[in-house]
Amino acid sequence: MKWLLVLSALVAFAECFHKIPLIKGKTAREALQEKGIWEEFRKEHPYNPMAKFYQSGTESMTNDADLSYYGVISIGTPPQSFSVIFDTGSSNLWIPSVYCSSQACQNHRKFNPQQSSTFKWGSQSLSIQYGTGSMTGYLASDTVEVGGISVVNQVFGISQTEAAFMASMVADGILGLAFQSIASDNVVPVFDMMVKGGLVSKPLFSVYLSSNSAQGSEVVFGGIDSSHYTGQINWIPLSSDTYWQIKMDSVTINGQTVACAGGCQAIIDTGTSLIVGPSSDISNMNSWVGASTNQYGEAIVNCQNIQSMPEVTFTLNGNAFTIPASAYVSQSSYGCSTGFGQSGQQLWILGDVFIRQYYAIFDSSTPKIGLAKSV
């Protein structure tokens with residue numbers, strides 16, 4: 001009888017522990033390079049990593065050509081499937097629709113409201129500003145299924161127009177995992193709906209990004225997968241419950257402070273591929289590791305030097321998080337470059353380059369982030 005009770009408890013817990021596999025697919029940069037039009041593309045669409053954090057009035061996101069992790073969700077009854085980027089740097093869910101005539105919608109799956117018996121139109125339009133364009137559409141509601149969790153009456157956006165660069169991205173849309181306070185039209189985000197509906201056992205989700213393999217990455221809603229990390233979890237309180245924003249103490253190389261002197265603010269963002277910081281700080285970091293900047297602001301390094309390049313340490317809440325050169329240098333047949341990107345703002349973004357090294361736990365109960373060394 002005792003074992004039966006234990007088994008029942010484990011089953012009940014498992015039902016609230018939901019894993020979403022993430023596929024590491026081809027990036028927009030890789031797809032455009034294969035077509036021989038990457039140089040032309042980035043002249044027309046210069047990378048603006050801070051766009052989604054600083055434009056006001058509407059929900060924003062950037063044109064990141066190096067995003068590669070996406071998962072599959074479904075919307076409607078019967079379900080229609082879509083690949084989305086799980087983005088902790090924005091708060092809205094949106095997907096393409098059959099009402100969209102933009103080129104970006106033509107090579108992605110499109111939602112058809114008429115084929116869902118649970119679909120309801122909203123009364124508001126939606127505009128999401130990008131670094132080089134926008135997505136416009138309408139708000140609606142329907143049943144959204146994420147990793148076995150069915151969220152009823154979830155408000156989401158369906159696009160009518162999309163910026164041209166979206167045509168090169170593998171994912172169909174975006175599922176925002178930041179806070180309601182920054183959501184366009186004050187829409188309740190998907191994860192908040194899960195928590196309010198008692199659909200997850202704990203008000204947290206965790207993210208594991210594999211380093212090289214196409215498989216193995218995942219988002220876990222309602223729990224922590226201990227097989228993805230080693231050592232203890234270091235908890236860091238949020239400094240703002242808008243984005244998943246924390247205080248960073250410093251950035252050091254070989255024991256020397258090279259950036260974020262005196263402290264700065266950083267966002268843990270799955271929707272940004274690089275580590276992004278103020279131009280002067282990033283320039284100094286790239287100089288320390290032996291990189292030279294090209295005309296597009298990319299920091300180029302000699303691929304032969306990776307083994308001898310120094311580690312970079314980010315200190316958060318008194319704890320050191322070190323990134324080796326093998327992790328912060330991107331290697332391809334076109335050459336090697338660091339994963340440190342410049343912006344004209346003081347805010348830092350610790351994106352996928354950082355998260356691949358540290359399993360990230362996002363706890364909304366007493367807002368905080370947990371980080372542990374990935375395995």
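User: Which residues does Ser337 touch, leaving out those up to four places away in sequence?
Analyst: In this predicted model, Ser337 touches Ala299, Ile300 and Val301, and also Tyr328, Val329 and Ser330, once residues up to four places away in sequence are set aside.

User: And where does Ser337 sit, in which strand?
Analyst: Ser337 belongs to strand β23, which covers residues 335–338.

User: Is Ser337 buried or exposed?
Analyst: Ser337 has a relative accessible area of 19%, and because buried means under 20%, Ser337 counts as buried.

User: Switching to helix α7, which of its residues are buried?
Analyst: In α7, which runs over residues 279–288, the buried residues are Asp281, Ile282, Met285 and Asn286.

User: Why do they line one face?
Analyst: Looking down the axis of α7, the buried residues fall within an arc of 130°, so they line one face of the helix. In general, an α-helix has 3.6 residues a turn, so residues three or four places apart point the same way.

User: What is on the face turned away from the buried side?
Analyst: That face of α7 carries Ser280 and Ser287, which are exposed.

User: What follows α7?
Analyst: Gly290 follows α7, and the phi of Gly290 is positive, near 90°.

User: Zooming out, how many helices and strands are in the chain, and what share of the residues is buried?
Analyst: The protein chain has 9 helices and 27 strands, and 55% of its 375 residues count as buried. Among contacts with a separation of 6 or more, 69% are between residues 24 or more positions apart.

Technical notes:
Residues are numbered from 1 along each chain as its sequence is written. This is a predicted model: local features need pLDDT of at least 70, side-chain atom pairs count only at pLDDT 80 or more; totals for chains, interfaces and linings use all residues. Side-chain values use heavy atoms; hydrogens and water are left out. Helices (H or I, at least four residues) and strands (E, at least two) are DSSP runs, numbered from the N terminus. Buried means under 20% relative accessible area, exposed over 50%, partly exposed in between (1.4 Å probe, protein chains only). Contact means heavy atoms within 4.5 Å. The arc is that of the directions from the helix axis to the C-beta atoms.
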